[in-house]
Amino acid sequence: MLTRTRSLVARPTRALTRSAGRTTNALRGCSACWRVSGYSTTPGSTAACHNQSHIPSINGAHSAPFPRRTHTCGTLSLEDVDRKVVLQGWLVPKGKVSKKLSFFGIRDSYGTTQLVADSRMCGPDILAAMREVPEESVVLVEGTVRPRPESQRRDVPAGHVEVAVSAFRLLNPADRNMPFMPFDIQNLANEDLRLRYRYLDLRRAELTNNLKKRSDVAFLVRSTLHEQGFTEVETPMLLNSTPEGAREYLVPTRVKQATSDGDAQPLFYALSQSPQQPKQLLVTSGAVDRYFQLARCFRDEDGRKDRQPEFTQVDLEMAWVSWGEHGETGRTEGQSHDHWRIGGHEVRDIVETIIRRVWKEVEGVDLEERFRVMTYNEAMARYGSDKPDLRFALEIQDVTSQLPQQVRSALEAKDEIIEVIVVSSRPAHASFVASASEIDCDRALERIQVAKGASADWLNKSQIVQSVLASAHPAVDATDLTAALGLTEGGTVWLSRRPRRPEGGWTALGRLRLALSEAAQRKGDLALSDEPKFLWVTEFPLFTRADEDKEFLAHGRWSSSHHPFTAPMFEDIEKMYSGQIEEVRGQHYDLVLNGVEIGGGSVRVHDAAMQEYIFANILQLDEKEKSSFNHLLHALRCGAPPHGGFAFGFDRLMAILCKTASIRDVIAFPKTAAGTDLLFKSPSPSTSEVLAQYALKPL
């Protein structure tokens with residue numbers, strides 16, 4: 001007797017197929033066809049079928065009802081042995097064992113389950129049909145769970161069991177000429193091809209797992225902030241263009257403004273480069289004491305491998321943020337001796353709480369109770385970077401005080417220093433010796449090879465030292481300096497001359513330090529630890545002329561190192577009003593992990609008069625530029641609480657957690673480094689007719 005697995009009674013003289021909910025007499029007298037179509041037979045009732053039309057077509061999709069899946073492909077375990085299951089997923093051929101036996105895999109986003117297709121159990125036609133299915137086709141399989149042999153079990157989802165196939169249905173065949181096979185990681189297609197067919201590339205387990213982890217971390221962040229009393233608020237993406245620092249994307253509208261000569265002038269939105277002004281206005285309003293959102297941001301930046309034109313940041317803003325400790329009031333244990341000398345303790349507490357929870361639950365790592373703090377000046381002096389990687393030593397040394405008097409005096413007159421990086425015969429430098437002899441250095445640097453025993457005169461060879469003194473001078477005895485630098489047994493030294501007050505994010509020696517590390521890693525001489533080394537960098541210069549990314553707006557004027565709403569340290573307010581602009585430090589804090597900035601924030605200016613002074617007297621904004629901030633200035637005059645905030649670069653944070661070098665690997669549909677989308681073919685030109693609606697004309 002024949003029986004359907006879905007409680008419908010079948011007749012022995014004909015098989016049943018369903019089309020749009022109807023039962024028809026499509027197949028007759030063939031039990032194998034019943035099983036292929038999703039029905040089963042009782043033992044001993046099989047019949048041979050030689051009608052090839054009864055085997056499922058591999059040319060078209062199944063567009064009719066089919067059984068629901070009972071399990072995903074990653075959830076079956078030994079507890080499910082002997083259970084009848086229905087699985088749906090992508091068929092992965094594994095191997096043909098014999099004429100009567102083949103192994104397959106069925107894969108979905110949860111994992112892969114091994115299938116055993118044995119013609120003695122499922123019939124020869126099902127086995128033949130499965131062997132003919134193109135790779136990456138979508139199928140439905142019914143069968144019985146059974147344990148895999150002990151030697152074949154794997155500690156992966158569904159790795160201890162397999163499913164003996166009893167029925168099979170092709171839901172949608174894949175093209176036999178696929179651009180690439182996403183599961184073939186040994187022959188991975190180039191990135192441009194994978195971005196063009198991103199929907200195929202996302203089938204790779206690596207990318208699938210990255211997206212799941214991203215979702216898990218976003219949930220953790222949201223949960224933590226809700227527990228800390230934060231309110232999630234969505235802010236506008238379509239705003240007005242403002243001179244905040246980054247280049248914006250403009251969005252044309254069909255709204256037009258008449259000009260004095262009667263012509264229609266097109267009007268534009270600017271896509272939000274960050275929710276900076278909306279979130280400040282939220283906490284200024286008093287409606288929201290603690291705000292957050294996972295915000296979409298847009299910046300029209302030049303192509304870089306670690307940047308995307310649209311990105312996500314975890315955005316925070318808090319009212320009642322301090323401007324530093326006032327006596328002992330409100331001081332918590334450990335804050336008085338960790339070099340955090342600015343305001344924003346409340347923001348710091350929240351950020352560290354989030355990071356500790358993420359690393360605990362995602363990485364299984366217990367982080368220190370307090371993250372290390374370093375000032376910008378110290379980071380630049382010791383590591384030559386405002387985001388130093390602390391996993392390897394090789395520190396920069398200021399040798400100005402150890403130089404002869406005449407050299408020191410000449411440097412002091414120009415407010416300059418000479419600093420060095422040394423690779424010596426010390427055991428701590430062993431990883432860098434081979435790279436030191438091969439690496440090319442910046443033209444601003446000078447490389448000198450110090451021979452063993454040549455401890456006194458090597459500094460006389462330095463063009464940098466010679467350039468400090470305008471006239472002839474006695475020979476320099478470098479014996480003491482050689483001993484201090486550990487060069488008695490010889491080694492390599494790089495010298496750099498720079499202004500005493502650092503600028504920007506790198507010094508020449510800082511770039512060299514990073515290049516030496518990368519070269520040593522390529523050679524296999526240096527292996528950096530995976531241990532997370534979190535670091536706060538604080539007390540940045542409030543204003544700069546060394547940021548090339550902001551020069552398109554600054555045009556030689558001062559620009560804000562962070563953004564124009566960052567407050568000065570209260571110790572430097574008088575310097576700001578007296579014109580000592582380069583000496584003013586800001587209440588700006590960056591969080592760095594292993595040489596990567598993962599977020600930053602600041603205490604904001606809540607004094608309207610101070611904010612207006614910064615706009616007019618330091619940044620020298622013209623009236624039109626200032627007018628774009630009139631609403632913020634008025635809000636500050638209406639009783640704004642002291643406030644501050646922070647933003648994580650969520651994509652970069654996820655790249656670190658997923659242990660990938662590219663943020664494109666943690667974004668579902670990323671752009672290329674040049675900002676183009678190969679899948680959706682954007683950006684793209686428009687027609688003259690469409691442009692005319694916006695009062696625009698092609699060039």
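Aromatic pairs number 16 in this structure, where rings of Phe, Tyr and Trp (its six-membered ring) pair if their centres lie within 6.5 Å, and planes under 30 degrees apart count as stacked, over 60 as edge-to-face and the rest as tilted. The model is predicted, so that local features need pLDDT of at least 70 and side-chain atom pairs count only at pLDDT 80 or more, while totals for chains, interfaces and linings use all residues. Residues are numbered from 1 along each chain as its sequence is written, and side-chain values use heavy atoms, with hydrogens and water left out.

**Aromatic rings**
- Tyr577 and Tyr613 form an edge-to-face pair, at 4.7 Å centre to centre and with 65° between the planes.
- Tyr577 is partly exposed at 38% relative accessibility (buried means under 20% relative accessible area, exposed over 50%, partly exposed in between; 1.4 Å probe, protein chains only).
- Phe646 and Phe648 are also an edge-to-face pair, because their ring centres are 5.0 Å apart and their planes stand at 75°.

**Charges over rings**
- Lys212 lies over the face of Tyr110, 4.7 Å from the ring centre (the rule asks for NZ of Lys or CZ of Arg within 6 Å of the ring centre and within 35 degrees of the ring normal).
- Arg545 places its charged end over the ring of Trp558, at 4.1 Å from the centre.

**Surroundings of Asp338**
- Asp338 is buried, with a relative accessible area of 12%.
- The C-alpha atoms of Asp338 and Val373 are 6.3 Å apart, although 35 residues separate them along the chain.
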